[in-house]
Amino acid sequence: MSDKDSSTAKSYLDSAIAQGQSALGSLTGSTGDKTEAAARKEQAAAEKESSHSVDKMGPLNVSPSGGVSTDDPNRSEGSWNQTVGSAKESIGSLVGSESLKKEGSQQNAEGKGQEAQGQLSDLGSGVQDRVKGTVGGIAASITGDCEKEEEMRMKHDDAKTKQRSAEADIQKQAEA
């Protein structure tokens, strides 16, 4: 929805145009079309990458489009419980305390569940609010309410930031 250069939809459109341009260049033998197609394809890949990027500063997330969001509290609390649980496990192993080790293992597992719950909450609310922002922006555009349209664009961008942040954290855990 944002008119910034980091739109996923725009990256898909540019990629499709690049494919067509490349095919045309192959049919006509035009190296100029092939070169333009390659450049457009690279630009589309960069746009897609940018539309999925989010910078994290603790529980605060910022996207290139200017969207800002904060993590669900369960994400940071779950991460903290994992850290404390792991420390208890290590100390329990070090001093030979099976009960401390078991307690730490349980706290670590509970922290993982708590963090996942927060991630899913952020993912779901991000998707829901993006849709609301998109639909609200379209409605405001149709009625000519520029102020409301900008408000809805910001809602969309903030929700996209929340969604992308959760997706990035989920992906990191899947790769670990």
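**Figure 1. Length of helix α5 in a predicted model.** Helix α5 covers residues 146-175, and its 30 residues should span 44 Å at 1.5 Å a residue, which agrees with the 43 Å between its end C-alpha atoms. The expected span is 1.5 Å times one less than the number of residues in the helix. Helices (H or I, at least four residues) and strands (E, at least two) are DSSP runs numbered from the N terminus. This is a predicted model, in which local features need pLDDT of at least 70 and side-chain atom pairs count only at pLDDT 80 or more, while totals for chains, interfaces and linings use all residues. Residues are numbered from 1 along each chain as its sequence is written, and side-chain values use heavy atoms, with hydrogens and water left out.

**Figure 2. Packing of α4 and α5.** Helix α4 (residues 98-143) packs with α5 at an angle of about 155°, and their axes are 7 Å apart. Therefore α4 is roughly antiparallel to α5, a term for angles over 145 degrees. Axes are lines fitted to C-alpha atoms, for helices over the stretch in contact, and angles run from 0 to 180 degrees between N-to-C directions. The residues of this contact comprise 13 charged, 11 polar and 7 nonpolar. Asp, Glu, Lys and Arg count as charged; Ala, Val, Leu, Ile, Met, Phe, Trp, Tyr, Cys and Pro as nonpolar; and the others, Gly among them, as polar.

**Figure 3. Salt bridge between Glu150 and Arg153.** The side chains of Glu150 and Arg153 meet in a salt bridge at 2.7 Å, N to O. A salt bridge is a side-chain nitrogen of Lys or Arg within 4 Å of a carboxyl oxygen of Asp or Glu. The two residues are 3 apart in helix α5, so about one helical turn separates Glu150 from Arg153. Glu150 is partly exposed at 37% relative accessible area, whereas Arg153 is buried at 16%. Buried means under 20% relative accessible area, exposed over 50% and partly exposed in between (1.4 Å probe, protein chains only).

**Figure 4. Salt bridge between Lys56 and Asp169.** Lys56 and Asp169 form a salt bridge through their side chains (3.8 Å, N to O). Lys56 lies in strand β1 (residues 55-57) and Asp169 in helix α5, so the pair ties together parts 113 residues apart in sequence. Lys56 is partly exposed, with 32% relative accessibility, and Asp169 is buried, with 12%.

**Figure 5. Salt bridge between Lys162 and Asp122.** The closest N and O atoms of Lys162 and Asp122 are 3.7 Å apart in this salt bridge. Asp122 belongs to helix α4 and Lys162 to helix α5, so the pair ties together parts 40 residues apart in sequence. Asp122 is buried, at 2% relative accessible area.

Note on methods
Angles under 35 degrees count as roughly parallel, over 145 as roughly antiparallel, 65 to 115 as roughly perpendicular and the rest as oblique.
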